[in-house]
Amino acid sequence: MKESKKQGFKDSLKSMDTEETFDLIFYRPIGYMWALLAKKLGITPNAITIASIFLGVGAGICFYFNENVSPWMNYFWWNIIGVFLLVWADSFDSADGQLARMTKQYSRIGRILDGLSGDFWFAAIYIAICLRENVTSEFFSAHHWVIWVMAVVTGICHGVQAAMGDYYRQFHLYFLKGEDGSELERAEHLWDKFHSLSWKHNFWQKLTLAFYTNYTVGQEKRTPQMQKLRAALRAKYGNAIPQSFRDEFRAKSKPLMKYTNILSFNTRTFALFAAILIFRMPWLYFAFELTVLNGVLIYMVWRHERICRQFTKNV
């Protein structure tokens, strides 16, 4: 029975290649328990994702509380509640994917919703930080617009960082597990699907697909060497890429997975919690994203493009 549970947990993961150590120790076991409970109760992955949105937004609201609106101990505990809610939200974010893999409830709308959930969390957190800094910081109180500009620029960078981290994970999974084990998309196929739908009869599906297709277009535009490699592989092998080529690319790509994980959730939240609870200067989180995480993004893209260029020559 114990071995069966271990195998069930392992099967609920995307792959050991792409998992982060802290997730394996903390979030994935908790997410697996939530997934088992949801499966027993008949709760869908999308329902868990929607619940995570409310938890993440609630965390953002709690991060607004500061010494100007609440005594120190009161606002400190409100911030602690925010930490708890954000951790809870991420355990649900882990659970929805694990449940989908356990029950084979895969859908493009589920993938889109999963991506949007984090956007809702951090939109609420960014707004809370801006409102908080405008009443607690002398500088930002005198220059209200500065913190809002920082938030907007950081939000744009955050979106790019998350998109590229996810894209490289999916590309790695494509070589590891094949097309069925990856959620790697092609913009041209998405556009074909988009044009096949009717605004009159498929309004929400078409609107959602429009946003997702543009999201994929952005990923492809930032990775010209990857697109050349994909085109070369399709032209020579179709979907039957030799296993030796898959293994060789996987070996080169795997060391980069640590950078995709840095650009995902855990590193961000550690920096966020430190800025709010330890330094009590939430704007430092924006500075961290704009400097450290953008630096990681640039380095990751450069490394991956160089690898793709080398492999294209070998096709």
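How much space lies in the second largest pocket? About 300 Å³. This is a predicted model. The structure holds zero disulfides.

**Second largest pocket**
- The pocket is lined by 14 residues.
- Closest to the pocket centre are Tyr 174, Glu 179, Arg 186, Arg 230 and Asn 239.
- Helix α10 (224-237) is one of the elements that supply at least two lining residues. Helix α7 (144-177) is another.
- The top contributor to the lining is α10, with three residues.

**Cysteines**
- A disulfide needs the two sulfur atoms within 2.5 Å.
- Seen from Cys 157, the closest cysteine sulfur is that of Cys 130, again at 14 Å and too far for a bond.
- Cys 130 counts as buried, because its relative accessibility is 0%.
- Cys 157 is buried too, with a relative accessible area of 16%. The cut-off for buried is under 20%.

**Nonpolar surface patch**
- Four residues make up a nonpolar patch on the surface: Phe 22, Ile 25, Phe 26 and Phe 270.
- Together they have about 380 Å² of accessible area.
- Helix α2 (residues 21-41) gives the most to this patch, with three residues.
- Ile 25 lies in helix α2. Ile 25 is exposed, with a relative accessible area of 63%.

**Loop residues with positive phi**
- Most residues other than glycine have a negative phi.
- Lys 104 has a positive phi, near 60 degrees. Where is Lys 104 found? Its place is the loop between α4 (72-103) and α5 (108-136).
- Lys 104 is exposed, at a relative accessible area of 61%. Exposed means over 50%.
- Arg 280 also has a positive phi, near 55 degrees. Arg 280 sits in the loop between α13 (266-278) and α14 (283-314).
- Is Arg 280 exposed or partly exposed? Arg 280 counts as partly exposed, because its relative accessibility is 43%.

Conventions. Residues numbered from 1 in each chain as written. Predicted model: local features only at pLDDT ≥ 70, side-chain atom pairs only at ≥ 80, totals over all residues. Heavy atoms only, no water. Buried < 20%, exposed > 50% of the residue type's maximum accessible area, 1.4 Å probe, protein only. Helix = DSSP H or I, 4+ residues; strand = E, 2+ residues; numbered from the N terminus. Patch = residues over 30% accessible without salt bridge, like charges linked within 9 Å, V, L, I, M, F, W, Y side chains within 5 Å. Areas by Shrake-Rupley, 256 points an atom, 1.4 Å probe, with all protein chains shown as cover. Salt bridge = Lys/Arg side-chain N within 4 Å of Asp/Glu carboxyl O. 1 Å grid on protein atoms, 1.4 Å probe; cavity = no way out; pocket = protein on both sides within 12 Å on 5 of 7 lines; lining within 4 Å. Points joined across faces, edges and corners; volume = space filled by probe spheres on them.
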